[in-house]
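This briefing is intended for a reader meeting the structure for the first time. Please keep the sequence and the structure in view while reading the points that follow.

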Amino acid sequence: MTEKIFTKEEWLGAMEGLKEFYKIFGPVKDGDFHTFMPLNGEKKPDFDYGNSRLSPKSIIYPESERMFEYSLDETEDDAHIVKESPKDYSPCAVVGIRPCDAHAFQIVKRNFDSPEYQDPWWTQHFESATLVGLGCNAPCSTCFCTQVGGDPFNEEGLDVLLFDLGDRFLVKAVTDKGEAFLEKTAGGSAADDGVLKAAEDLKQPAREKITAAVPTDRLKEKVTTELFDAPFWEEVAFACLNCGTCTYLCPTCWCFDIQDEVQGKQGDRIRNWDSCMFPLFSLHGSGHNPRDNKVQRVRQRFMHKLKYYVDKYQNGVQCSGCGRCVRYCPVNIDIREVCKLMNDFA
Amino acid sequence: MLKYTEKIRETAKRLLAEEKVDVFIGYQKGSVPMMNEPLLVNHPDKVDQLYWDNFCGLNLCNYLTKRTDKIGIIANGCNSRNIVTHITENQIKRDQLYIVGIPCEGMIDHRAVARAVKHKEILDIKQEGSTFVVKGDDFEETFEKQKFLQTNCAVCTHRNPVIYDEMLGDPVEEQTGVTPYADVEKIEAMDPEKKQGFFTRLISRCIRCYACRNACPLCYCPTCFVDESEPQWVGKSIDPTDTMTFHFLRAYHCAGRCTDCGACERVCPMGISMRQFTKKLNKDTEALFSWEAGLDSEKRPPLDVYRPDDYNDFIK
């Protein structure tokens, strides 16, 4: 696979040239934080960043996506016929995505693209995207990717990986898709051994910055019903506001709700992100709500991520260790601590 | 402010041991800097988890709603005003509460601190007198607390609890000469088009997580209007009209009730200043009804009374 070295200026210039082939998303400074946005003349990427406030999941899985549309105008031949709404699957590249967020797409893929079921929209958006990752030289104190199967320089789920060498980027293709991206990227020069070593040397210090111990090794052996009835849920949930911050900022939360919206005679069927923190999420048509209080809802979120997912997919936990929920939970409910409680529960 | 931690622990221990309360609600130190977690303590042996510093900006009154036990609770100025509102609105009974008052000198705005250190990661923060020291991997900076108050605290004129059973310190001097509504007046001066643009931009980042609503002690409806499904009043997508409807209606539901505790802004993951809505209503209730919420549990709020001798003609 190709490895090339670019000065940072050269790289920004190359991004401009790539717009001919891809819609390019990058981290853009947006007030107090960074947001992945389509890069255009006005929006310039800023690769000197920690991570985006919202995960880039919305590029593949929009917060609100029109699935179908229909007409209620009975003078039209196709009245009441539900038709798929046009979607944009033109190639896009997500440049500067952190390895944890790319790993998160792999976690989510097990749900949206399983051997039995394939979500047509998620899979097509995902296929159209080239993920150009940026290795983490300085993970945050709230990061714990190494504890959940990731790494600050994890290549799994990425097509290209960038190493930040100060004034230059080492750009490494990881997949054929990444190789195609790099072929279209103008400029750069061959990386010599010195550069490759400098990039390799970034890895260990970055790993050592992650000090949180979040053991997940015993989650699988727990009896689900015992964990479900564990005495700590009440205490874990006390402070919870039941807002959607954790689930909406999370790169691995995938739940949605489908709504019909009609304006005049034009109807749209829209899928929106939903959150297990909301009472409406589990409200039945009968009026019964099986998760009627917040303790049940908080338990559901953690059981789904750290037990049901573990048992169902036999492939780790439904968490990539990005630390967003730890940093931005308004009441400081810390998944690292809850995971420890669950893993240690006897 | 830090001196209160020990006093809170002692008081909670005594109240629980003497069975004056079943539970005690306060804060514990958070796992990340500038963040504390609301905590319920139900045994005298557990009081050492209780903690108090300049980042106790969440409104604890939120955790009182419809509880049936006897509760000890910490209350600074704004929290005590929400307790009064809760009593007035029958969400809790006065005799269920043992209110431990704390004179408050304002909470620190975590976003302002992050900005001041250019968003470098903060690993530790310590108060030293009227200043505080912020430490990160490769920096250490000292700031003056007064300049970093939450914007609601900077204009607060009710720092001392208005209702309590016991006070943990001497009352602090109330701020005078503050201009709480300078920002509202700026918006009032805009023409309708400009106003629309201002509010549209204000909420453009909203992700409809409802953290603002859920952190607000006034929002205790069993089912919020945005969660109603039969009929459904508001669309669920991130269509700007629906998002605007949510913010406007939420604010109007708080008219004459908001104590400007700032919990809504504090919790917003997107940093939206939704107090711009509620402050306008606070300003109006002050001007029209000489009313500030939560100062007196004997008085009915202006928007829930009818008086035959009302001085407004339109209501007769």
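**A strand pair, a helix pair and a chain contact**

In chain B, strand β7 (residues 131-135) pairs with β8(B) in the antiparallel sense over five bridges. The model is predicted.

**The hairpin of chain B**
- Four residues lie between β7(B) and β8(B), and the two strands form a hairpin.
- Within this pairing, K135(B) stands opposite E140(B) in β8(B).
- Strand β8 (residues 140-144) of chain B is hardly covered, since the count of buried residues among its five residues is zero.

**Helix packing in chain B**
- Two packed helices are described by the angle between their axes and the distance between the axes.
- For helix α8 (residues 240-253) and helix α10 (residues 275-289) of chain B, the angle is about 35° and the axes are 9 Å apart.
- The crossing formed by α8(B) and α10(B) is right-handed.
- From α8(B), the residues H247(B), F248(B) and A251(B) meet F277(B), T278(B) and L281(B) of α10(B).
- The residues of this contact divide into four nonpolar and two polar, with no charged residue.

**Contact between the chains**
- In chain A, 32 residues are in contact with 29 residues of chain B.
- At least two residues of the side of chain A that touches chain B are supplied by each of α9 (245-249), β11 (256-263), β12 (266-273) and α11 (324-328) of chain A.
- That side of chain A has 14 nonpolar, ten polar and eight charged residues.

Terms used: Residues numbered from 1 in each chain as written. Chains lettered and ligands numbered in written order. Predicted model: local features only at pLDDT ≥ 70, side-chain atom pairs only at ≥ 80, totals over all residues. Axes fitted to C-alpha atoms, helices over the stretch in contact; angles between N-to-C directions. Left-handed = near helix turned anticlockwise from the far one by under 90°. Contact = placed C-beta atoms within 7 Å. Nonpolar A, V, L, I, M, F, W, Y, C, P; charged D, E, K, R; others polar. Buried ≥ 20, exposed ≤ 12 C-beta atoms within 10 Å, placed from the backbone. Pairing = 2+ DSSP bridges.
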